[in-house]
Amino acid sequence: DETWSGSHTITGIIIVPSGVTMTISNSTNITLNGYSIISTGGTITVESGATINPSNSHTRLITGSAIKGIYSTIASAMSAATSGQSIEVYGAHTLAANLTVPSGVTLTFKNGSDITLDSHTIQKGSGALAIESGATFTPDIRLMSGSTVLGLYLSLDAAYTDGTEVEVRGGIYTFNNTYVLLNGRSLKVKEGSVFEFPSGKYLDVRPTSTFEADHATFTSISGIWTGIVYRTSSNGYINECNISNATRAILDNSGTPDLVFTGNTITNSTHGIYCGYSGSPEIRNNTLSNISNYAIYCSGSDTNMVIADNTISNSTYGLYFYNANPQISSNKLTHSKVYFNNSNSELTNNLITVSGGYEAFYMYASSPTLFYNTISSTEAWLTIRAFNGSDPVFGDWGLSGYNYLSAGMDADGVIWASNGSHPVLGWNVAGDCETGPYVGGNNSIIGYMVPAAALDGTSGISAQYCWWGQTPAPYCYCLLYTSPSPRDRTRSRMPS
């Protein structure tokens, strides 16, 4: 038996014969120098803390739990392996040739191993391929079948020549053109991956294909790239990713409710999440800032769509809906307007604030219901504008609204209605201000010039059982009737 300690440089192949035990102690540093240590029946023991080759770069041939050989390269261990054995890879390696795992052999990349493919591939072949958490590859593009790794490739296209499921795990990938994820293919982009696209190019997720991304980054090489585009009947999700400098960071044209966008940070783009063709994804916990047009846009989305817990700032339109009726709750919008066109969503517990501009919330032919929202403007002309047949209800039948609507001293008003619009802030069904029942009510309207106004003879605002800033607050303050003034913007006046 023999125990090694200290530093050793091998000058030839070492054979451990039957009946002999070779122990490499925890204080040992061995340089294989291109040679190997092989058991022909003896026992090889490597204690924790021993270092074999610089950076512990070596491979071990294993039968059961017994070490049958220690080799400098993966290829040399694979040449010696027979069916039933496994190969364990430690430390850093740069491939010198393509590797295919032999039949009956398992190739395992251990935690901490660092593999540079260097224009080569690793394929499962008839054997098995295992990768422990903490192993890294450059590049790390994996062909998968479910949870089974089939191979590691140099490019997406190279991987797709041998299958349809690909995972990318870390690294920077620079595209020279639009990348098309063809029908029926699956692409998963994992933590640490960076995808960079040229100006005007995009990631094109075709029908029946699936694109999933977790903790990845998508941006432009220079200028503005087009973004991630989900086509009709495509699938997937984008979770906790950073997306920047895009025309549309995410474009959902899937026409399905199956996509999910959660926890993403989207910045410095023309549009953030853009849902067309009746796309109705779940949009939750995203942060969108500095969006020059629409932070979240929806067209044709149905009532099952959820937009919740998002933070939107410094965007021209925080929410813009056309023929869409999503559920909107617990979003925070600052310096970002809301625009409804033929939309009847329910809004609950949202914070919507703007400073300048025309209004914080513009409704065109829209009749949403609102509960527990704070909607305010400081220097904007108006907080809420109901136009062209908009009949919003701040509450519901028998349900108080508890909305807080306010405008700064430089604003003209809080809520104005025109062109056949009839907002309901509070309406006593039976005519008894103190007993109700009410539609809405318990809303606060705080303004300085003309808090509420119906601008023409076709409009009116019901505003009973609401608080207008006076102390004490009365049960019944007013129903608003049209009383035009000779000013350019005709206003009604509230009876005191």
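In this predicted model, D309 forms a salt bridge with R284, the closest N and O atoms being 3.6 Å apart; a salt bridge is here a side-chain nitrogen of Lys or Arg within 4 Å of a carboxyl oxygen of Asp or Glu. The pair links distant parts of the chain, 25 residues apart: D309 lies in the loop between strand 37 (306-308) and strand 38 (311-322), and R284 in strand 34 (residues 282-284). Helices (H or I, at least four residues) and strands (E, at least two) are DSSP runs, numbered from the N terminus. D309 is partly exposed, with a relative accessible area of 32%, and R284 is partly exposed as well, at 26%. In these terms, buried means under 20% relative accessible area, exposed over 50%, and partly exposed in between (1.4 Å probe, protein chains only).

Residues are numbered from 1 along each chain as its sequence is written, and side-chain values use heavy atoms, with hydrogens and water left out. Because the model is predicted, local features need pLDDT of at least 70 and side-chain atom pairs count only at pLDDT 80 or more, whereas totals for chains, interfaces and linings use all residues.

A search of the whole structure finds eight salt bridges. One of them joins E132 and K110, with the closest N and O atoms 2.8 Å apart. E132 lies in the loop between strand 17 (128-131) and strand 18 (136-138) and K110 in the loop between strand 14 (106-109) and strand 15 (114-116), so this pair ties together parts that are 22 residues apart in sequence. E132 is partly exposed, with a relative accessible area of 29%, whereas K110 counts as buried at 18% relative accessibility. In another salt bridge, the side chains of R169 and E167 meet at 2.9 Å, N to O. R169 counts as partly exposed at 35% relative accessibility, while E167 is buried, with a relative accessible area of 7%. As a general point, side chains of opposite charge can pair when their charged atoms come close.

The cysteines were examined for covalent links. A disulfide is a covalent bond between the sulfur atoms of two cysteines; the criterion applied is a pair of cysteine sulfur atoms within 2.5 Å. The structure holds zero disulfides. C275 is in no disulfide, and the nearest cysteine sulfur, that of C298, is 4.3 Å away. From the side of C298, the closest cysteine sulfur is that of C275, and the 4.3 Å between them is too far for a bond. C275 counts as buried at 0% relative accessibility, and C298 likewise counts as buried at 0%.

The secondary structure of the chain comes to two helices and 56 strands. Two strands are taken to pair if DSSP finds at least two bridges between them. An open sheet of three strands has the order 2-5-8, with parallel pairing. Strand 2 and strand 8 (51-52) stand at the edges with a single partner strand each, so one side of each is left without a neighbour in the sheet. Strand 5 (residues 29-31) and strand 8 pair in the parallel sense over two bridges, and I30 has I52 in strand 8 as its bridge partner. Elsewhere, strand 50 (residues 413-418) and strand 54 pair in the parallel sense over four bridges, with W416 standing opposite A453 in strand 54. Five of the five residues of strand 54 (residues 450-454) are buried, so this strand is largely enclosed by the rest of the structure.

On the surface, I13, I15 and Y35 form a nonpolar patch with about 280 Å² of accessible area together. Patches are made of residues with over 30% relative accessible area and no salt bridge, like charges being joined within 9 Å and nonpolar side chains (Val, Leu, Ile, Met, Phe, Trp, Tyr) within 5 Å. Accessible areas come from the Shrake-Rupley method with a 1.4 Å probe; for residues, only the protein chains shown count as cover. I13 is found in the loop between strand 2 (7-9) and strand 3 (14-16), and at 54% relative accessibility I13 counts as exposed.

For the chain as a whole, buried residues make up 52% of the 496 residues. Along its principal axes the C-alpha trace spans about 105 × 45 × 35 Å. The chain has a radius of gyration of 33 Å, whereas a compact globule of 496 residues would have one near 23 Å. The radius of gyration is taken over C-alpha atoms, and the globule rule is 2.2 Å times the number of residues to the power 0.38.
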